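Subject: Structure handover

Hi,

Here is the structure I promised. Please open it first, then read my notes below.

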Amino acid sequence: MSLASPSPALDFALPAQRQANAPPEERGHGRDDVRLMVSFRASGRIEHRAFSELPAVLRAGDLLVVNRSATLNAALDGTLDGRPAVVHLSRRLGAGRWIVEIRHLAGDGMGTQPWLDAVAGTLIHLPGGGSGRLLEPAPPAGLPEAVRLWQADLQLPGAALQYLGTWGRPIVYGHIAVKRPLAAYQSIFACDPGSAEMPSAARPFTTDLVRHLIVAGVDLAPVLLHCGVSSLESHEPLQAEPFEIPPETAQRVNAVRRLGGRVIAVGTTVVRALESAAARPGLVLPARGVTDLVIGAGYSPRIVSGVLTGWHEPRTSHLAMLEAIAGADVLAAAYRQALDRAYLWHEFGDSHLILP
């Protein structure tokens, strides 16, 4: 498995003012009051709409597949070798073992940076009587001199979810300066806790918007993929993530494909889950496990017709995945327009719908 990288045409500078630092409902609007760009792969046409117009953009017979994973309070304050640290819990492996990311305060005091020179055996002290020990770099490891993700043995008092609910907080990065409750980092579909960071593509959905979609003949179906931490270094492969395709969802996806309908993944997490369970083009099987599928240049999607997603930073595996779905030229044109027209990035930002 190798790290998927987007084409040079998608290497751009992201201005600070394009990073949404607050959710739309705090700006005096609702969750769905964000902008929506629609890109069409076949024609190259681009439309600029509001997210609330989604029922008018899609058509009867389309299937939206959403991620039901809920976000954890996965950030913990602690110490590593007596020095202040922030511990991000990326993925639970079972029996007290987790994949974790250790971070320290950035030099400018804004946000945190990966702690890349830790060593196996180092002890971690956590709040509320929690503790841990670094065991070994989490596979697939990156450069040996710059380890960011570790397998760790964590001793958390009581049940893990209860402990994180008491002592943890949502993972955020430098563009977010205000503390918010975990509810701000959940979509309306979230019901199965396990993601280190929010599967954010579905955040703008509201119950009222879902009702309008159903009235318009658009169906919805759930899958599960628990997201790990997203702050990959440039040398790091994409991490493996737990996923599940329920039998009912597989049946509905296959029925839509047989009838010539479109399967629209809500988020790159859903793309990864569906494509991981594809038996052949147009056929997805019920599945449950851990996927290490990397989707990039040269990959031809077997299940997904389109994707509804947010705006991603340059040089990321998310962009490489979208390039495989949209094509390099269409995606590059969309990102040029997003920058020119002041679309907003990150979990509280605007949306991008890529259609055939």
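Buried here means under 20% relative accessible area. By that cut-off Arg 68 is buried, because its relative accessible area is 16%. Keep in mind that this is a predicted model.

Overall picture. The protein has seven helices and 20 strands. Its radius of gyration is 20 Å, close to the 21 Å that the globule rule gives for 356 residues, so the protein is as compact as a globular protein of that length. The C-alpha trace spans about 60 × 40 × 40 Å along its principal axes. Of the 356 residues, 56% count as buried.

Helix α5 (residues 268-276) is mostly covered. Eight of its nine residues are buried, including Arg 272 and Glu 275.

Salt bridges. The whole structure has 16 of them.

- Glu 244 with Arg 68: the closest N and O atoms are 3.0 Å apart. Glu 244 sits in strand β14 and Arg 68 in the loop between β3 and β4, 176 residues apart. Glu 244 is buried too, at 18% relative accessible area.
- Arg 169 with Asp 77: again 3.0 Å between the closest N and O atoms. This pair links the loop between α2 and β12 to strand β5, 92 residues apart. Arg 169 is partly exposed at 27%, and Asp 77 is partly exposed at 40%.
- Glu 101 with Arg 148: 2.9 Å between the closest N and O atoms. Glu 101 lies in β7 and Arg 148 in the loop between β10 and β11, so the pair ties together parts that are 47 residues apart in sequence. Glu 101 is buried at 0%, Arg 148 at 1%.

There is also a salt-bridge network that links Arg 45, Glu 47, Arg 49 and Glu 53.

Best wishes

Definitions and conventions. Residues numbered from 1 in each chain as written. Predicted model: local features only at pLDDT ≥ 70, side-chain atom pairs only at ≥ 80, totals over all residues. Heavy atoms only, no water. Helix = DSSP H or I, 4+ residues; strand = E, 2+ residues; numbered from the N terminus. Rg over C-alpha atoms; globule rule 2.2 N^0.38 Å. Buried < 20%, exposed > 50% of the residue type's maximum accessible area, 1.4 Å probe, protein only. Salt bridge = Lys/Arg side-chain N within 4 Å of Asp/Glu carboxyl O.
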